[in-house]
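The sequence and the structure come first.

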Amino acid sequence: PHASLGEDVVACLVLSPGSAVTTDQLREFCATRLADYEVPRQWFFLDALPKSPIGKILKRELRAQVLKS
């Protein structure tokens, strides 16, 4: 949730084993490719995304997981 916009942009990431990246690097990468309002304000690094048995990402569960953080 966002105080004046209603909702804010966040990013949920699962990194490949052995890879590393900082939120500053991600923000800089996105800023060169997206409009300011599209660049995520928060970054969540997860072990795995919640998925259904057929492999679709369960967005409601992901949202609930992010709101807990």
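Helices are DSSP runs of H or I with at least four residues, and strands are runs of E with at least two, both numbered from the N terminus. By that count, the chain has two helices and two strands. Their order along the sequence is β-α-β-α. The model is predicted.

**Overall dimensions and surface**

The chain holds 69 residues, and 19% of them are buried. Here buried means a relative accessible area under 20%. Of contacts between residues at least 6 apart in sequence, 51% join residues at least 24 apart.

| Property | Value |
|---|---|
| Span of the C-alpha trace along its principal axes | about 35 × 35 × 20 Å |
| Accessible surface of the chain | about 5600 Å² |
| Share of that surface from carbon and sulfur atoms | 55% |
| Volume of the largest pocket | about 300 Å³ |

**The largest pocket**

Rolling a probe the size of a water molecule over the atoms shows where empty space is left. The largest pocket found has a volume of about 300 Å³. Its lining consists of Pro1, Glu7, Asp8, Val10, Cys12, Gln42, Lys59, Leu62, Arg63, Val66, Leu67 and Ser69. Two elements, β1 (10-13) and α2 (59-68), each give two or more residues to this lining. Which of the elements gives the most to the lining of the largest pocket? That element is α2, with five residues.

Conventions
Residues are numbered from 1 along each chain as its sequence is written. This is a predicted model: local features need pLDDT of at least 70, side-chain atom pairs count only at pLDDT 80 or more; totals for chains, interfaces and linings use all residues. Side-chain values use heavy atoms; hydrogens and water are left out. Buried means under 20% relative accessible area, exposed over 50%, partly exposed in between (1.4 Å probe, protein chains only). Contact means heavy atoms within 4.5 Å. Accessible areas come from the Shrake-Rupley method with a 1.4 Å probe; for residues, only the protein chains shown count as cover. On a 1 Å grid over the protein atoms alone, a cavity is a set of points where a 1.4 Å probe fits but cannot get out, and a pocket is an open set with protein on both sides within 12 Å along at least five of seven lines; lining residues have an atom within 4 Å of a point. Grid points are joined across faces, edges and corners, and a volume is the space filled by probe spheres set on the points.
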